[in-house]
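Hello,

Here is the structure I promised to pass on. Please have a look before reading my notes below.

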Amino acid sequence: MTTVFSSSGLRVGRLFRRETGLSCMVAFDRTLLAGPVEHAIDARRACEAIVAAGPEAVLLSPGVLKSCGDLFADNRAPKVVLRIDYPMVGDFTLTGEEHHRMIATPAQAQAMGADAVVMCLISGYDDPGREADNLEAVAEAARQCEAIGLPLIVEAVVWGSREGGRLDGERIARVARIAAELGADLVKAQFTGEAEEMRALADSCPVPVLVLGGAAMNDDEALARFTRDALASGARGVIFGRNAWQREDATAGVEQLIEIVHGT
């Protein structure tokens, strides 16, 4: 029997390694949200180091893709995942108020060469109306992505001020399920560190769950344990940023992460 894939399903599959069924992606979009940070002052140099390690994909801003696109113009290069929104919450708030804005459409991202796009669905905005607007934006992006066959990764997180900084497994599972039901192809979610909560999240989310890394741990053993626990409990991969590249040797850091994920 022949299996028929949609174009978005085919492209989702390209984000995973066939041998393991897992994906190791690197998030290099923090500087879009937080400006220049340590080990990323020179965006091109950092991007070169990440690409050299060979992860499945790299998450970028439109501007970094524009200036570093040649690094990905090779069939051996990582896939490009483009951030198409700007979540103004927590450390990323510029005005003191929480907002959410789109900065590109799926079609514009595809025209730039993106293999997939990512945007946030945030639980706990200070204004519930903004949470509703964010939800509507995700739903609209999902329809647009579906129309052009472009995978949508939704970063479903409990970041808003009304969440009070809590990292609650049930809340994370709730927003992840909502993201999937709005039309996400993949969900990028927080991991509390509790295996049972990760299993509940993975079991209740009808699309693959990728774990985000959060703040730099600066502890390789703790990072390896965190990653392996998430994968053993149902996560299908990681999208780590600072825990991958925010170090003196970014290439070695990403290679180490790839080894943890794929066991190579």
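Strand 1 is covered on both faces: Ser23, Met25 and Ala27 are buried on one side, and Cys24 and Val26 are buried on the other. Keep in mind that this is a predicted model.

How many of the five residues of strand 1 are buried? Five of the five, across residues 23-27, so strand 1 is largely enclosed by the rest of the structure.

Now the neighbours of strand 1. Strand 10, residues 237-240, runs parallel to strand 1, and four bridges join the two. Within strand 10, Ile239 is the bridge partner of Met25. Strand 2, residues 57-60, also runs parallel to strand 1. Three bridges make that link. Here Val26 stands opposite Val58 of strand 2.

Is His100 buried or exposed? His100 has a relative accessible area of 11%. The cut-off for buried is under 20%, so His100 counts as buried.

Which side chain makes a polar contact with the side chain of His100? That of Asp85, at 2.8 Å. Asp85 is also among the residues His100 touches, leaving aside those up to four places away in sequence.

Best wishes

Methods
Residues are numbered from 1 along each chain as its sequence is written. This is a predicted model: local features need pLDDT of at least 70, side-chain atom pairs count only at pLDDT 80 or more; totals for chains, interfaces and linings use all residues. Side-chain values use heavy atoms; hydrogens and water are left out. Buried means under 20% relative accessible area, exposed over 50%, partly exposed in between (1.4 Å probe, protein chains only). A polar contact is a pair of N or O atoms within 3.5 Å; within protein, one must be able to donate a hydrogen and the other to accept it, and residues adjacent in sequence count only if both atoms are side-chain atoms. Contact means heavy atoms within 4.5 Å. Two strands pair if DSSP finds at least two bridges between them.
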